[in-house]
Amino acid sequence: LACYGIRVWPARPVHSEDEAVAAAEELGYPVVIKTTAPWLAHRVDLGSVRLNLESERAVRGAYLSMVAQLDEMAGHRLVVQSMAPPGVATLAGAVDDPLFGPVVRFGVGGVASELLGDHAYRIPPLSMAEARRLVVAPKAAPLLRGYRGAHPVDVEALCQIIARLGLLVDEVPA
């Protein structure tokens, strides 16, 4: 992703509460602890992510409770990651369509979007105009523009990331 100009938040794998604290101190507070188990990705409701940990005590507590709560495989796949600033969660990725091949997918994050399948798709590579059309296509897209007084996100920067993702998917379909 970095080769395509897509910033990835630093993350450190951890296997003990001391390692979790050391990683948090290296990355700087606040941090997130989450499992990398694919079957629990982004499942805050199942205890797979602990957000906005601002102290050693919070990191230790989150680490210990996650190890106790998660199944053994998920509990051994924990990482500490820098906490992103508040904003609107989005989902950008690629799927392999049997007819079209690699396809870029975008959606606004959240349970409602996931439940309703509120995602849009485009075939890569994507021009900036196509990336913009992709970003505004989901029904939840008004959240990106500051719906109900929320702070709007930098849609242009988001479109640049989507266009870069489209180039990556086009050049590296796997």
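Q: In which strand does Ala11 lie?
A: Happy to start here: this is a predicted model, where local features need pLDDT of at least 70, side-chain atom pairs count only at pLDDT 80 or more, and totals for chains, interfaces and linings use all residues. Residues are numbered from 1 along each chain as its sequence is written, and side-chain values use heavy atoms, with hydrogens and water left out. Helices (H or I, at least four residues) and strands (E, at least two) are DSSP runs, numbered from the N terminus. Ala11 belongs to residues 11-14, which form strand E1.

Q: Is Ala11 buried, partly exposed or exposed?
A: The classes use relative accessible area: buried is under 20%, exposed is over 50%, and partly exposed is in between (1.4 Å probe, protein chains only). Ala11 has a value of 33%, so this residue is partly exposed.

Q: Which residues does Ala11 touch, not counting residues up to four places away in sequence?
A: Contact here means heavy atoms within 4.5 Å. With that cut-off, the partners of Ala11 are Val79, Val80 and Gln81.

Q: In which helix is the place of Ala74, and is Ala74 buried or exposed?
A: Ala74 sits in residues 72-75, the run of helix H3. Because its relative accessibility is 0%, Ala74 counts as buried.

Q: What is Ala74 in contact with, leaving aside its neighbours within four places in sequence?
A: Let's look around this helix H3 residue. The contacts of Ala74 are Thr35, Ala37, Trp39 and Leu40.

Q: What pattern does the chain follow, read along the sequence?
A: The chain has six helices and seven strands. Read in sequence order, these give β-α-β-β-α-α-β-β-β-α-β-α-α.

Q: Why do the buried residues of H5 line one face of the helix?
A: Helix H5 covers residues 128-136, and its buried residues are Ala131, Leu134 and Val135. Seen down the axis of H5, they line one face because they fall within an arc of 95°. That arc is taken over the directions from the helix axis to the C-beta atoms.

Q: What does the cover of the buried residues of H5 include?
A: These buried residues are Ala131, Leu134 and Val135. Their cover includes strand E6 (101-108), strand E7 (119-122) and helix H6 (155-171).

Q: Where is Pro30 found, and what is omega for the peptide bond from Tyr29 to Pro30?
A: Pro30 is in the loop between helix H1 (17-27) and strand E2 (31-35). The peptide bond from Tyr29 to Pro30 is cis, with omega near 0°.

Q: What is omega for the peptide bond from Pro124 to Pro125?
A: Pro125 is found in the loop between E7 and H5. The bond from Pro124 to Pro125 is cis, and its omega is near -5°.

Q: What is phi of Asn52?
A: Asn52 lies in strand E3, residues 49-53, and counts as partly exposed at 40% relative accessibility. Its phi is positive in a residue other than glycine, near 55°.

Q: Where does Arg148 lie, and is Arg148 buried or exposed?
A: Phi of Arg148 is positive, near 55°, and the residue lies in the loop between H5 and H6. With a relative accessible area of 77%, Arg148 is exposed.
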